[in-house]
Amino acid sequence: MSEIKKENPLEMLPINKLLVKFSVPSIIAMLVTALYNIVDQFFIGQAVGSLGNAATSISFPLSITCIAIALLFGIGGASAFNLSMGAGDKKTAAYYIGNAAAMLFLCGLVLCIVSEMFLKPMLLFFGSSDNVLPYAMTYTRITAIGFPLVILTAGGGHLIRADGNPNMAMICNLIGAVINTVLDAIFVFGLNLGMAGAAFATIIGQFVSAVVVVVYMLHYKTVKLQKKHLVIRTKYVSRVAALGGSPCSNQVAMMIVQIILNKSLKHYGSMSVYGEDIPVACVGIITKVNQMFFSFVIGLSQGLQPIASFNYGAKKFDRVKSAYKKSMVCGFTMCIIAFIMFQVFPRQIISVFGKGDETYYTFAVNYFRIFLFCTCVNCLQPITSTFLTAIGKPKGGMFLSLTRQIIFLLPLVIVLPLIMGIDGIMYAGPIADGLAAVVAIVMIRIEFSREEYRVNE
């Protein structure tokens, strides 16, 4: 055990220091990932207009799919690795990392091929109108080439963080985002390439980030990765997938809801004063702004993951509980700040991404204030879900991750508009958020009522 302690400060350093060490770089990495979409949205909105913004919204389910795969094998591999290292099983831990890395690239390649082959029917299924389809086709045809790269980068960041190097995980994402931002300005404005320019800027940035991830993985510190660790084996992949199932299922749920949301916005928007394109464009922007806020919460939960996993494996349950509670305090602080911004400055935020008429701003402001009204409690579900997964209880984590999107939000998005029209979509958000928060509270109270958590109290 002395050797493990030297390599892993996770069971020795104060929880506050560990949370700062792992969460801050993770938050920055998540912000950078969200920045890919936000930067494209900004430049496209300024150069192309609302149809361009709607096009990125239509293609957004594919971006969510990439993140879902990255979380499945990234967080899953990191959790399996940290649990094994905490239990002193260094040999098995190496296989978890190697198999996770191999699956990240393989799944990205499959998604790229499928997207290129069936792009038009996919975009129509995602809710594209005839006006938006050409823009969506141009943008997604190019960005799909980068799917293996973005999945390897996003998922690889979690594997690098599990190696005790959260700063490098942050750098991997930051490099690509900076390149993407600079090239966006050059390609979209300087060369006047429009949607295609934004797409090319994105995949070039992703390529550079992916190269950095691969180079680091070849020099992994706590274990030495060999070719045999990259050979995919069912017993390792199944364990990784089980532990990564919770955050992945949450993203899959988001994708499903996004598709239904796009279709509902198009349908009920055409029956309202807003038309079929304004709601899709506005909600696409607001969703990505909300994703920026969620980057703080998800980054915090990812910073909690190695701390909770290692200490649970080492049976230091007092540290496990302390880490969760301190993460939740930080999460609530972030949520309150976001709530104030969304309620007080919605028009100013939406104006950053291009101009529209008064109808456009009316819908955007209403959607911000109503749909995101329960932002103040939105840290409960993701942090608790990731925590349960991190301590080796993926079933509870997966169930909780599905509560907001699938169990509550999806039925409400379908039913409420039948009664209230397009306003029903707005009110579905706060109801789902509130119910998911209640379920999270109940589940964490049940977990902490277990005997092992009371031994050291």
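Predicted model: local features only at pLDDT ≥ 70, side-chain atom pairs only at ≥ 80, totals over all residues.
Helices are DSSP runs of at least four residues, numbered from the N terminus.

**First stop: valine 150**

Select residues 147-162, which form helix α7, and locate valine 150 within that helix. Valine 150 is buried, because its relative accessible area is 14% and buried means under 20%. Display the surroundings of valine 150: leaving out residues up to four places away in sequence, valine 150 touches Cys66 and Gln206. A distance may then be drawn from valine 150 to valine 297; the two C-alpha atoms are separated by 21 Å, and the residues stand 147 apart along the chain.

Select next helix α2, residues 15-47, where isoleucine 28 lies. Is isoleucine 28 buried or partly exposed? Isoleucine 28 counts as partly exposed, since its relative accessibility is 30%.

Proceed to helix α3, residues 50-86, and select serine 84. Serine 84 counts as buried because its relative accessibility is 10%. Its contacts, not counting residues up to four places away in sequence, are Asp89, Thr92, Ala93 and Tyr96. The C-alpha atom of isoleucine 298, 214 residues away along the chain, is separated from that of serine 84 by 23 Å.

Helix α9 covers residues 194-217 and contains valine 211. Valine 211 is partly exposed, as its relative accessible area of 39% shows.

Select residues 358-371 to display helix α15, which has 14 residues. The helix reaches 20 Å from its first C-alpha to its last, close to the 20 Å expected at 1.5 Å a residue. Which residues of α15 are buried? They are Tyr360, Tyr361, Phe363, Ala364, Val365, Tyr367, Phe368 and Phe371. The elements that cover these buried residues include α11 (234-270), α12 (278-313), α13 (317-344), α14 (346-351), α17 (394-420) and α18.

Setting aside residues up to four places away in sequence, phenylalanine 363 touches Leu265, Tyr274, Ile278, Pro279, Cys282, Val283, Ile422 and Met426. Phe363 also belongs to the largest nonpolar core, which has 143 residues; Phe363 is among those with the most contacts inside this core, together with Phe73, Tyr220, Tyr367 and Phe387. The largest share of this core, 18 residues, comes from α12. Another core, of 5 residues, lies apart from it and includes Ile67, Leu71, Ile75 and Ala154.

Move to helix α17 and select arginine 404. Arginine 404 is buried, because its relative accessible area is 9%. Apart from neighbours within four places in sequence, arginine 404 is in contact with Phe371, Gln381, Leu409, Ala432, Asp433 and Ala436.

Select residues 380-390 for helix α16 and residues 423-448 for helix α18. Two packed helices are described by the angle between their axes and the distance between the axes. Here the angle is about 35°, and the axes of α16 and α18 are 8 Å apart. The crossing of α16 past α18 is left-handed. Which residues make the contact? From α16 come Leu380, Gln381, Thr384, Phe387 and Leu388, and from α18 come Ala436, Ala437, Ala440, Ile441, Met443, Ile444, Glu447 and Phe448. Colouring this contact by class gives 10 nonpolar, 2 polar and 1 charged residues.

Note on methods
Residues numbered from 1 in each chain as written. Heavy atoms only, no water. Axes fitted to C-alpha atoms, helices over the stretch in contact; angles between N-to-C directions. Helix = DSSP H or I, 4+ residues; strand = E, 2+ residues; numbered from the N terminus. Left-handed = near helix turned anticlockwise from the far one by under 90°. Contact = heavy atoms within 4.5 Å. Nonpolar A, V, L, I, M, F, W, Y, C, P; charged D, E, K, R; others polar. Expected span 1.5 Å × (residues − 1). Buried < 20%, exposed > 50% of the residue type's maximum accessible area, 1.4 Å probe, protein only. Core = buried A, V, L, I, M, F, W, Y, C linked by side-chain atoms within 4.5 Å.
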